[in-house]
Amino acid sequence: MKKHAAVIILLAVLMLFSAAFTEEEEVQKDPPLPAGGPLELTAAVPFEGAGRDIFKGAVKEWEDATGNKVVVGYYVDGDDGYAEISDAFAGDAAPDVMYFPTDGPADELVRSGAVASISEIREAYPSYASNMKDGYMPKSTLDQQLYAVPVSGSFVSLFYNPIILEEAGVATPGKDYSWDQFLSDCQMIKDSGYLPIAASLEYLPHYWFEYTVMNHGTVQDQTDIPSMALVFDKTYKKWLAGLNDIKDLYSLGFFPEGGDVSQSYADSLFYGGQAAFMLGNNQKIDYFREMAPEMVNDLAAGYVPAQGGRLATDILSGITDGYYISKKTFDSEEKRDAAVSLVDYLTRDGIVKAMGGTNLTALKNNTAEPIVDVDNLADTAAATARNASGASESVMDFVSVEAKGELLSNVYGIAMGDINPKDVLSSVIDINKKYPR
C-alpha cells in the first residue's frame with residue numbers, strides 16, 4: 001500500500017480548505033507550543049496542489065505566532081525524491097522536519113539513527129502526538145517502532161453494488177458483517193446469476209490475503225511475520241488459514257472463472273454491474289469515477305466480513321507517511337522546542353482533517369460528519385474509515401521484496417489447487433531470512 005497522503009480527492013479538499021482556517025476550528029484557538037527563537041528551521045515535504053496550499057497556510061500561521069521562520073523545500077513523492085532526502089542526510093544537510101514514508105525509503109534513516117523516535121520525543125514532551133491513536137500511526141517497516149506523525153492515508157474497504165444485493169435478496173453489509181454471512185450472501189448472489197467477487201488473484205491478490213490473515217488473528221498482530229513453517233508458530237498458522245480461505249472462495253465459484261484475469265478486467269466487472277463485491281483502496285474511487293461516472297452513486301463501501309478475533313470494523317490502513325524530526329535537530333537545545341512545536345501545530349485536528357479530505361486519519365477525534373458530499377461510493381467509504389474500531393498496516397510492507405513476490409505470485413496457483421500453500425510459506429520464510437529488510 002504505497003499511496004501517500006498527498007493524493008487527495010480534489011473536490012473534497014478544495015471545499016475543506018475553505019473551512020479549515022475559520023474561527024470555529026479548535027486548532028486555531030490554541031497557540032502553538034513554546035518554540036524558542038527567533039530562529040530558522042528547514043522542512044522538506046512532497047505536498048502538491050491544494051494540500052500544499054493548506055500546508056503553507058499552516059506554516060505561515062505558526063511563523064506569525066512564534067516569530068520563527070521555516071524554509072521549505074518541496075521534493076517529488078517518488079524514488080527520485082526519496083533519494084534526494086537520503087542524500088541530504090548523508091551529506092549533513094538533513095532538514096530539521098520532513099514528511100516522508102515509513103517503509104523502505106526510511107529504513108536506512110532509521111537504521112543509522114538519523115531520525116528521532118516518538119518514544120524518545122515523548123520522554124521530553126509527553127503530549128507529543130497525543131491527539132493521534134498510536135495503533136493507527138505508521139510503524140517503521142524496519143523495527144516496527146513509531147517515528148512519524150501522520151496526516152492521512154488510504155484504506156481498504158469492501159465495495160459493493162446495492163442493486164445486485166437487492167436483486168439477490170442480500171442485506172446491506174453492516175458493522176457486524178461475519179464471514180459465515182458473507183459466504184451465504186455470495187452463494188445467493190451466484191444463484192441469482194451474478195459474480196460474487198471481482199478480483200484478480202493473478203495480479204493483485206494482496207488485499208484478500210491481508211484480510212483473510214487478519215481474520216485468523218487480530219488487528220494488533222497483523223504485521224507479525226512467521227519465523228518457522230510449523231503449526232505451533234501462530235503467525236504461520238494464520239497465514240496458512242488465510243490462504244486456505246482464498247482457496248475455498250475460489251473453489252466455491254465466488255471469484256472470476258480462471259482467476260488469472262487482469263486487474264483492469266476485474267475492475268470492469270465491478271463498476272460494470274456484473275459483480276457484487278470487490279476489495280478496494282479508497283483511491284480506486286477516482287478510477288471508477290473516471291471509467292463509469294454514472295455508476296459511483298449506485299455503488300457503496302462497507303466493512304470486510306470478519307471472523308475469529310477480528311472485528312469487521314477493523315480495517316487495513318495505508319497510512320504510511322508522517323512528519324519526522326531529525327535526530328540532530330532533536331538533540332539541539334536551540335532547535336528542539338521549535339521543531340516539536342512546528343510538528344505539533346501541523347498535525348492538529350483541523351489541519352489534518354483539511355489535508356486528509358476523505359482519506360483515513362489517525363486522529364482520536366475523527367467522528368465528525370463529512371463537510372462535503374462527493375458521491376455515494378466516496379461518502380460511504382469515508383464513513384467506513386471514520387467509524388473504524390482499529391487499523392493496521394499491510395504485513396506485506398514488513399517482509400522483503402523478494403519474500404512478498406514469492407508469496408503473492410503463488411496465490412493464484414494455491415487458489416486453483418495446483419500449489420500447496422505450505423510449500424509456498426516455507427519458501428517465503430526462508431527467502432525473508434535470506435533477504436531481510
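## Exercises on a predicted model

M228 is partly exposed, with a relative accessible area of 32%, where partly exposed lies between buried, under 20% relative accessible area, and exposed, over 50% (1.4 Å probe, protein chains only). This is a predicted model, in which local features need pLDDT of at least 70, side-chain atom pairs count only at pLDDT 80 or more, and totals for chains, interfaces and linings use all residues. Residues are numbered from 1 along each chain as its sequence is written, and side-chain values use heavy atoms, with hydrogens and water left out.

**Exercise 1.** Find where M228 is located and which residues form a nonpolar patch with it.

*Solution.* Begin with the chain: M228 sits in the loop between α9 (206-214) and α10 (234-251), helices being DSSP runs of H or I with at least four residues, and strands runs of E with at least two, numbered from the N terminus.

**Exercise 2.** Decide whether T223 is buried or exposed, and list what T223 touches.

*Solution.* T223 also belongs to the loop between α9 and α10. Its relative accessible area is 1%, so T223 is buried. Leaving out residues up to four places away in sequence, T223 touches K139, Q144, S392, E393, V395 and F398, a contact being heavy atoms within 4.5 Å.

**Exercise 3.** Work out how the buried residues of helix α12 are arranged around its axis.

*Solution.* First, the buried residues of α12 (residues 284-291) are K284, I285 and F288. Seen down the helix axis, the buried residues of α12 fall within an arc of 100 degrees, so they line one face of the helix; the arc is that of the directions from the helix axis to the C-beta atoms. An α-helix has 3.6 residues a turn, so residues three or four places apart point the same way. Finally, the buried residues of α12 pack against β4 (154-160), α11 (263-271), β6 (275-281) and α16 (376-386).

**Exercise 4.** Find how many residues of α11 are buried.

*Solution.* In α11, 7 of the 9 residues are buried, and the helix is mostly covered. The cover over these buried residues includes β4, β5 (195-197), β6 and α12.

Note on methods: Patches are made of residues with over 30% relative accessible area and no salt bridge: like charges are joined within 9 Å, nonpolar side chains (Val, Leu, Ile, Met, Phe, Trp, Tyr) within 5 Å. Accessible areas come from the Shrake-Rupley method with a 1.4 Å probe; for residues, only the protein chains shown count as cover. A salt bridge is a side-chain nitrogen of Lys or Arg within 4 Å of a carboxyl oxygen of Asp or Glu.
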